Amino acid sequence: MYDAPNREMKVDQKTTKISARGVQVYYGDTHAIKDVDVDIEDRTVTAFIGPSGCGKSTFLRCLNRMNDTIDVCRVKGEIKLDGEDIYDKRVDPVQLRAKVGMVFQKPNPFPKSIYDNVAYGPRIHGLARDKADLDEIVERALRRGAIWNEVKDRLDAPGTGLSGGQQQRLCIARAVATEPEVLLMDEPCSALDPIATAQVEELIDELRESYSVVIVTHSMQQAARVSQKTAFFHLGNLVEFGETGQIFTNPQDSRTESYITGRIG
Amino acid sequence: MPVFWLVLIVGAMALIGYGLGRARALKSAGGDSRVLHSLPSFYGANVALSALVPALGLVLVWLIAQPLVINASISGDIPQSAIPESSTLSLVMSDVRRVADGLDLAVSQGVLSADAAKTLSADGTIRDTLGAVGVALGSDVTPEILSAAQTYRTMNAAGSWMLTALVLALAFGGFVFAMSRTKAEFRARNVVESGIRVLLVAAASIAILTTLGIVLSLIFNTIEFFKLYPASEFFTSLTWAPSFGGGSELGILPLLWGTLYISIIALLVAVPIGLFAAIYLSEYASPAVRGVAKPLIEILAGIPTIVYGLFALLTVGPLLLQVFGDEGLGWMQAGTAVMTAGLVMGVMLIPFVSSLSDDIINAVPQAMRDGSYGLGATKSETIRQVILPAALPGIVGAILLAASRAIGETMIVVLGAGAAARLSMNPFDAMTTVTAKIVSQLTGDADFASPEALVAFALGMTLFVITLGLNIFALYIVRKYREQYE
Ligand SMILES: Nc1ncnc2c1ncn2[C@@H]1O[C@H](COP(=O)(O)OP(=O)(O)OP(=O)(O)O)[C@@H](O)[C@H]1O
Ligand SMILES: [Mg+2]
């Protein structure tokens, strides 16, 4: 399972889903992201790797404008989703976030029942025709989140009462339930055991058939296993971006090489 | 010696003890503080605490016990014959205390010499002498009262001397004992730790004991009242008509109704406005707006209730009268009404509700909001479906606290709602509340043994039970939701 990066994916002609150009992010005076250009392709898994504090989460949060909720945060540059600038005045961030879903670094289930947690998005966006439909959506999402078997008998129990790893999978299920076009996952497996990790990776692979997925991870193996594209961040710079196989076997930049071989970070 | 000086001396001893203890510890370690078991300051603190705490504890106990002991011993000595027909032992005792205090005062002002005060005889001059120093007595001093007062004075003086001697000895003893223990290997840090613990426990016990005392006095006086006036009448009678000549009707229901009615109107005003203001401030307002608006709202909380009362009486009442009075809709007879008091009390409670709710809403973790926004929810959806449910127990608690305050509020009611105890559904009628009636039963020349005055305790007790019930209910709600949510 933890073999060398291979799994050569047949990358056929992909359209660009998100394209970022010259993105700068400031937290007050801290320059957290420095002039980053990235193209995220449709139906592709893109991995963000890099040492802690290098700005992976920050950049991820730019992609669905979650940084709007932080007062001190300013974003400059251009980020286009399907050719439309998402920082344009006319774009409604609420609408955007329905399309670009997110799983956060720390599990954050709502203080509601497991069922209501998952049903939250579908209810808001009116995705279910009736109760039976909603039940089905919830079950499907929980199955995809690899948590259905553990919670199917206690859907009314509070989501906050689950273990850390279960909460993380609940949050994944919650994000999947709204059927986003792009799913941003910030270290979704950091609290999971190997079995659940494998299940989540399976889910990511499955999501790839219809969506594009961006995943932040600290595990080189995971990046190699699930992603087709990899971006390496270092101190706010995008150092290298390219085919996963190539980044892991033949990195162009010496910093990338040091990082993936474990010498920095 | 006056207690103030006593405390000061003991305090000075503690201060000196701190310095000496520290120095001695250092010296015993040959100036090298690393050899000491604890930091030098702990040795100093140990000496200071040993001198201070037992001595002050004794002062406290003594000050409470001395009057009790002296009173008991003297009232035992007063013969039955010395109590006039229409009076009681406690009234005679208060005369005794007045005479004794008067004599003390006279001596200290130089009107009487200390010896003369001791050898006074019970002729008519005492009343004049004491009158001259500002202590007015209702009747001439009988020999029994005078002799009791003299005993009272000697016992007090003796007690005071005993206290001074004992306290100084105790402080000095503690000082010396702690000094003798101050050596390098002495575990001063642990001793100070337990000393501090004792101090904290003492503070907590005083708080609890005072509350207990208040509750007990409420209970005993209430029982006293129910001996004079039937409880069934009190709780079921629909009329409140006290008359000090006797034959009062003291039914609590009209008062309770007034209290409830006014509180409900106040909460109807305060809860929505306060809650919405809190939501705006914590979720929508920019930091600049918040920085200005929050203190402004909190200023409302600093306005004394009597000012709100004036506002009710002079502004809101007349305003309402213009609209709903005889010239308007004709529902209102006078400016003082349930509506007037309720509205103004509501305004008073707004900052209470809003600042509590604001704190509670802010305590909801940002991760909850992020989770909701990340799923494409709008601000108001997030507030309604995530933040308010998560904050609900706290908000319910805030509302119940506001309700307790509304129920206990007095000044606004006295000025804004009128004084008529009445059971009516019309919010524009004047009504009155339990608290307002407690005030009016106890002000003026009330005889504190009559049911008309004692009823105040029964009213107070009822209020206390209601507020206590509300608080317990608030706790229950908070617990229940906590289980469900966390
Ligand atoms: N809310 C914030 N306010 C101020 N500075 C922030 C904030 N969030 C992140 N930063 C700063 O931005 C930089 C990048 O942080 P970010 O969270 O994006 O790192 P990361 O790559 O996700 O790290 P990790 O792998 O540890 O999650 C850090 O230096 C951090 O201190
Ligand atoms: Mg991160």
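Across all chains, the structure holds 28 salt bridges, a salt bridge being a side-chain nitrogen of Lys or Arg within 4 Å of a carboxyl oxygen of Asp or Glu. The model is a predicted one, in which local features need pLDDT of at least 70 and side-chain atom pairs count only at pLDDT 80 or more, while totals for chains, interfaces and linings use all residues. Residues are numbered from 1 along each chain as its sequence is written, chains are lettered from A and ligands numbered from 1 in the order in which they are written, and side-chain values use heavy atoms, with hydrogens and water left out.

**Stop 1: a salt bridge in chain A**

Select A:Lys17 and A:Glu181, whose side chains meet in a salt bridge (2.9 Å, N to O). A:Lys17 belongs to strand 1 of chain A and A:Glu181 to the loop between helix 6 and strand 7 (182–186) of chain A, so the pair ties together parts that are 164 residues apart in sequence. Helices (H or I, at least four residues) and strands (E, at least two) are DSSP runs, numbered from the N terminus. In the loop between helix 6 and strand 7 of chain A, select A:Glu179 as well; A:Glu179 has a positive phi of about 50 degrees although it is not a glycine.

**Stop 2: the sheet**

Now show the open sheet of four strands in chain A, whose order is 2-1-4-5 with antiparallel pairing. Strand 2 and strand 5 (84–85) of chain A stand at the edges with a single partner strand each, so one side of each is left without a neighbour in the sheet. Two strands pair if DSSP finds at least two bridges between them. Strand 1 (residues 16–27) and strand 2 (residues 30–41) of chain A are joined in the antiparallel sense by eight bridges, and A:Tyr27 stands opposite A:Thr30. These two strands form a hairpin with two residues between them, and A:Gly28 in the turn has a positive phi of about 60 degrees. Within strand 2 of chain A, select A:Asp35, which has a positive phi of about 50 degrees although it is not a glycine. Strand 1 of chain A also runs antiparallel to strand 4 (residues 73–81) of chain A, to which eight bridges join it; here A:Ala20 has A:Ile79 as its bridge partner.

**Stop 3: ligand 1**

Select ligand 1 and the 13 residues that surround it, of which the closest are A:Ser52, A:Lys56, A:Ser57, A:Thr58 and A:His218; a residue is near a molecule if one of its heavy atoms lies within 4 Å of it. An oxygen atom of ligand 1 is 2.4 Å from an N or O atom in the side chain of A:Ser52, and a polar side-chain atom of A:Thr58 lies 2.5 Å from an oxygen atom of the ligand.

**Stop 4: chain A against chain B**

Finally, colour the two chains separately: 24 residues of chain A are in contact with 22 residues of chain B, contact meaning heavy atoms within 4.5 Å. The area buried between them is about 1,800 Å², of which carbon and sulfur atoms give 62%; buried area is the accessible area (1.4 Å probe) that two parts lose on being put together, summed over both. In chain A, select A:Pro111, A:Tyr120 and A:Ile124, which lose the most area to chain B, together 29% of what that side buries. The rule finds one salt bridge across this interface, and the side chains of B:Asp370 and A:Arg61 meet in a salt bridge (3.9 Å, N to O).

Key
A polar contact is a pair of N or O atoms within 3.5 Å; within protein, one must be able to donate a hydrogen and the other to accept it, and residues adjacent in sequence count only if both atoms are side-chain atoms.
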